[in-house]
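I opened this model to look up how its parts meet, and I kept notes as I went. The entries below follow the order in which I looked.

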Amino acid sequence: MMSPLPAPVRAALAARWPEVFPAEGDLDPNGPLVPADSHYDLAALLKEHGYLLYVTVVATHFPTPEGDTFEVATVLRNPSTGKAFWWRCKLGADPVIATLFPLFAGADWQEREQFDLVGVRFAGHPDLRRLMLPEDWEGHPLRKSYAIDTPHAPWR
Amino acid sequence: MTLPHREADVTLPKPARKDPHVDLEKLDAAADLMAINMGPQHPSTHGVMRIKLWLDGEMIVKAVPYCGYLHRGVEKLCERLTVVQLTPIVDKHDYVSPMTNEQALNIAFERMLGLEVPRRARYMRTIIAEIQRIASHLLWLGTFTLDIGGTIGGGASLMMYTFREREAILDVFEMLTGARFHYNTHTVGGQRHDVPVGWPAAVKKMIDAVDAHMPEYEQQCYGNDVLVLRTKGVGVIDRELALELGLSGPNLRASGVDLDLRRDEPFSAYDEIKVNVAVATDGDVYARFDVRMREMHESIRIVRELIDSIPEGPICSQKPVKVPFAVKLPAGRQFYTAIETPRGELGTYVIGGGAEKGAAPYRLKFRPPSLHAMSALPYALVGHTVPDVVAILGSLDPILGEVDR
Amino acid sequence: MAVDESERNFEHPLYHYWENMPGGGIGMTSLDRLLMHSARHSLWFFPMATSCCAIEFMTAAASRVDMDQVGTIIRPTPRHCDVMVVAGTITVKMAPRVKKLWDQMPEPKWGIAMGSCAICGDFYRDIYSVVPGVDTIIPIDVYIPGCPPNADQVMVGLQRLQEKIAAQLAGKTIDKDPRPPNMIYPAIGTHGDARQTEATATGQLEASRNLGYGGQEHRVPVAPPKPPAGDAT
């Protein structure tokens, strides 16, 4: 669940991104929508403020009549309070976002998984290979345009 | 007749962080390295995973794990099935503790929809989860000691003992749900099966039997010098690295982080009871082993505390579901929530408003604790020898069904 | 064919010389019978244990059911084993390994599909990465349905296999066991894959059904020993 941010963190965020994190009032319960170029800086700032535990990253494909869009949600957790926080970034038809590997070593595998299944690329990732599927696989299964029962000769 | 343990003469190493993506060409000894493969069909990998090891003599210079040999595309399947149909699917993720998987999924949907869960159902969920934790740790203990091979009979005898207790636990679950393994007993809003007559007595009998045998296990493990020597100081994951990697559960607590979602983000009936969290500071294989053993005692205590006080009342706040489209998720709503399973933080990221007019989630992402545990291998294995690989891997306790999904 | 067939089955070199010796064929037949008779009562299992069924398979080998009482031993290397137990879902990434390990097992060998994932893919059978039934890759003699089957059902499957081996020894032709009812082949390519027409889907399905059999639909019986011909004296 999205729990309220502690006051010092909230103040630091409001000073940096006032349009996303207003000083007063509730944040978006779906996770605040942060510009994609602030993704890395936000993670670094949160890490400074005690959000040390890397939880997960989720990429989602949203096909629209105008073209494909993607959303990348990142979840961090503060181990001393046990509370989680996540934010979202919107990406265009050619989804590229900064990697969090320099901050969190766990981002390595999580971002590889999302690259494999959704096809979001993480700029600066040291080793962006497929994690789940064979290296020679075509397409990204969790895109909405990918049929669930796509055959893969000769095995199925 | 105790041998001097390693702790007496050596201080635990605190290795500097090594980059797992090290280029072998840059290593001095690259010419003499030998590459060997463990898996994907290897008896001690607990499923189908593969680790490629580059060895300098007997020492591991670089380790690259590969997973995905059990990738069943569950997240794609979840976009096609409705909320009600999903519970039996997630049973198969962490197949050593199916009950907590169901619990995680249904708690995610309940929190998203703001549904009440009756107190009786919350008590039942807590009891079930703790019994499941004992069963899961028992299976881990049996296979871990079998891999290390330090206990009596090359480890096989302890495995036979732990499977004996595990069978008793599965019998209790069978009495409750009618199934031995994949239960499908949680549902959105509560439970599907009420407590049968005589179940609390059966649980108490089973718990007494497990408790009576715990000293036997502890004597075989803690009192076993081979096991202690092979685990102390091996596979150290320090606090900072454990947090960065996103380890959770016993693996994280063994590295000195006092974080347990049962206490810090209570679900089910954990807000009504006190949970004593087992923490160790060394971060090595022995610490992870020790934390799990202490957690089993704590689970036994919690089950004993709750089993007599299951409140009366309904077990589900929703009407019994006849059609699979009964529960609908709101469109445009996104949500992350997590619970503590035997392996750690099992999170669920749900986006509502999918197929079947919102009865299916648009996107469902599981945050498997085992995948994070496995991603620690490139860091933990370097500098150790090949026999230590099975000890480190076993101590991290990854379940490949959950890693690959 | 998906698998490189140049990797031939294991064959003991002694067989070759023996076969070419005058009258050696009789000895060969007797040896085959002896091997199969022994194998029937000491089936060594190779666990191709991938997912949930592996835990129930471990339970079958553990204290309550105790598979060892009928002479089975679980060995982790294919070169020692008579029976491959496929316990769990087989994915596209794993399938070449399964085929390769099966090819490495020496004759005589048998296959058991344990659990509905190994039999037909269960509810994963439509999914892009799952092989719809392991009998499309290797020949399967006994199916043990269930999700997962109880440990005692594994014993029942083991007994069924022993019966089949006994019948094979007695010179009967053993047909392949049918898949359990309702455990069907999926209709691949029906959920809207643009690249897939109906004709290619049918061809694909046929190919995947016949994969690995080489047209051999049943086990060949062991010939009963013949009396030595051409008595010299």
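This is a predicted model: local features need pLDDT of at least 70, side-chain atom pairs count only at pLDDT 80 or more; totals for chains, interfaces and linings use all residues.

**Entry 1, the domains of chain B.** I looked up the division of chain B and noted domain 1 (8-66) and domain 2 (74-404), with bounds that come from an automatic or database domain assignment. The centres of domain 1 of chain B and domain 2 of chain B, taken over C-alpha atoms, are separated by 29 Å. Where they touch, 24 residues of domain 1 of chain B and 27 residues of domain 2 of chain B take part in the contact, contact meaning heavy atoms within 4.5 Å.

I then noted that domain 1 of chain B and domain 2 of chain B bury about 2300 Å² between them, with 70% of it on carbon and sulfur atoms; buried area is the accessible area (1.4 Å probe) that two parts lose on being put together, summed over both. I searched the interface of domain 1 of chain B and domain 2 of chain B for salt bridges and the rule found zero, where a salt bridge is a side-chain nitrogen of Lys or Arg within 4 Å of a carboxyl oxygen of Asp or Glu. The search for polar contacts across the interface of these two domains of chain B gave two residue pairs, both residues at pLDDT 80 or more. A polar contact is a pair of N or O atoms within 3.5 Å; within protein, one must be able to donate a hydrogen and the other to accept it, and residues adjacent in sequence count only if both atoms are side-chain atoms.

On the side of domain 1 of chain B that touches domain 2 of chain B, the elements that give two or more residues are β1 (34-38), β2 (50-56) and β3 (59-66) of chain B, and β3(B) gives the most, with six residues. Helices (H or I, at least four residues) and strands (E, at least two) are DSSP runs, numbered from the N terminus. By class, I noted 15 nonpolar, four polar and five charged residues on this side of domain 1 of chain B, with Ala, Val, Leu, Ile, Met, Phe, Trp, Tyr, Cys and Pro taken as nonpolar, Asp, Glu, Lys and Arg as charged, and the others, Gly among them, as polar.

Residues are numbered from 1 along each chain as its sequence is written, chains are lettered from A and ligands numbered from 1 in the order in which they are written, and side-chain values use heavy atoms, with hydrogens and water left out.

For chain B the mean pLDDT is 83, and 90% of its residues reach 70 or more, pLDDT being the predictor's confidence in each residue, from 0 to 100. Over residues 1-16 of chain B the pLDDT is below 50, and beyond near neighbours in sequence this stretch has 18 contacts in the model.

I found five salt bridges between chain B and chain A, and 25 residue pairs in polar contact, both residues at pLDDT 80 or more.

Over all chains the count comes to 43 salt bridges. B:Glu79 lies in the loop between α2 (74-78) and α3 (87-90) of chain B and A:Lys144 in the segment after β5 (121-123) of chain A, so this pair joins two chains. The side chains of B:Glu79 and A:Lys144 meet in a salt bridge at 3.0 Å, N to O.

I counted three salt bridges between chain C and chain B, and noted that the side chains of C:Arg64 and B:Asp171 meet in a salt bridge at 2.7 Å, N to O.
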